[in-house]
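Please keep the sequence and the 3D view open while reading.

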Amino acid sequence: MTRTVKEIFQELENMENDNAKLIEKRQEELEAIVPTIEKAKQDIVEAKKKVDAEAYNKAKTELWTAENTKELLEEELEKLQSNPLVSKEEYHKLAKDITAAAESVNTEILDKISKYFPEFEKLKENFTRNVEDANKALSKLEHAIGKNTESYKYDDQGGLVQRYHVLDYTPKKNVAYLLNNFVETYNRVVK
């Protein structure tokens, strides 16, 4: 079964969160090692004052261990902050999986749209025919019925009511552009 884009995204987010938690843990461990280093340095100074070889060796060992631990933690922190969380192969596989999952959904959507496409074409044709029929009727009204009477082209206050002295119908909400654009875009995408 193919994973969805959301599932893959969640997987990536989990990787990122796990990495962030490790970074935070390493930073806390680094902060915790600083007092150990300072204490070991103080113990060395005290052992030197007392000329206590055993305490001096113990403090030196503790300092060496703490500084090496700090170095190790800093290296690990640097890796966690800068190295990729997946291998190059995993990276490309995830990119391919994301693309495939998105393409699968887009194909499903396009299949659903395809079922309604003939209806959209009919609606576009009906809209265009409706505008043409309205203009034919207005032309008949103006020429055959109104006999191109000049006074009919003005309202009672003398204002021009017809554009360019011709009756015509222009839809207030012209969906032809929307439908044409949809049909043209659909044909480009499908082909």
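Helix α3 passes helix α4 in a left-handed crossing. A crossing is called left-handed if the near helix is turned anticlockwise from the far one by less than a right angle, and right-handed if clockwise. This is a predicted model, in which local features need pLDDT of at least 70 and side-chain atom pairs pLDDT 80 or more, while totals for chains, interfaces and linings use all residues. Residues are numbered from 1 along each chain as its sequence is written, and side-chain values use heavy atoms, without hydrogens and water.

**Helices α3 and α4**

- Helices are DSSP runs of H or I with at least four residues, numbered from the N terminus.
- The axes of α3 (residues 88-145) and α4 (residues 176-190) come within 10 Å and cross at roughly 140°.
- That angle makes α3 oblique to α4.
- Angles under 35 degrees count as roughly parallel, over 145 as roughly antiparallel, 65 to 115 as roughly perpendicular, and the rest as oblique.
- Axes are lines fitted to C-alpha atoms over the stretch in contact, and angles run from 0 to 180 degrees between N-to-C directions.
- On the α3 side, the contact is made by L110, I113, S114, F117, F120, E121, L123, K124 and F127.
- On the α4 side, A176, L179, N180, F182, V183, Y186, N187, V189 and V190 take part.
- Contact means heavy atoms within 4.5 Å.
- The residues of this α3 and α4 contact divide into 13 nonpolar, three polar and two charged.
- Ala, Val, Leu, Ile, Met, Phe, Trp, Tyr, Cys and Pro count as nonpolar, Asp, Glu, Lys and Arg as charged, and the others, Gly among them, as polar.

**Helices α1 and α2**

- The axes of α1 (residues 5-50) and α2 (residues 53-82) come within 8 Å and cross at roughly 160°.
- α1 and α2 are therefore roughly antiparallel to each other.
- Their crossing is left-handed.
- The contact residues of α1 with α2 divide into 16 nonpolar, five polar and eleven charged.

- The 46 residues of α1 should span 68 Å at 1.5 Å a residue, and the end C-alpha atoms are 68 Å apart, which agrees.
- The expected span is 1.5 Å times one less than the number of residues.
- The buried residues of α1 are I8, N19, I23, R26, L30, I33, I37, A40, I44 and A47.
- Buried means under 20% relative accessible area, exposed over 50%, and partly exposed in between (1.4 Å probe, protein chains only).
- These buried residues of α1 pack against α2 and α3.
- An α-helix has 3.6 residues a turn, so residues three or four places apart point the same way.

- N19 lies in α1 and is buried, with a relative accessible area of 15%.
- Leaving aside neighbours within four places in sequence, N19 is in contact with L80 and L85.
- D97 is found in α3 and is buried, with a relative accessible area of 19%.
- With neighbours within four places in sequence left aside, D97 is in contact with R3 and I8.

- V51 follows α1 and sits in the loop between α1 and α2.
- V51 is not a glycine, yet has a positive phi of about 55°.
- V51 counts as exposed at 72% relative accessibility.
- A95 is found in α3 and counts as partly exposed at 37% relative accessibility.
- A95 and G158 are 63 residues apart along the chain, and their C-alpha atoms are separated by 69 Å.

Key: Helices (H or I, at least four residues) and strands (E, at least two) are DSSP runs, numbered from the N terminus.
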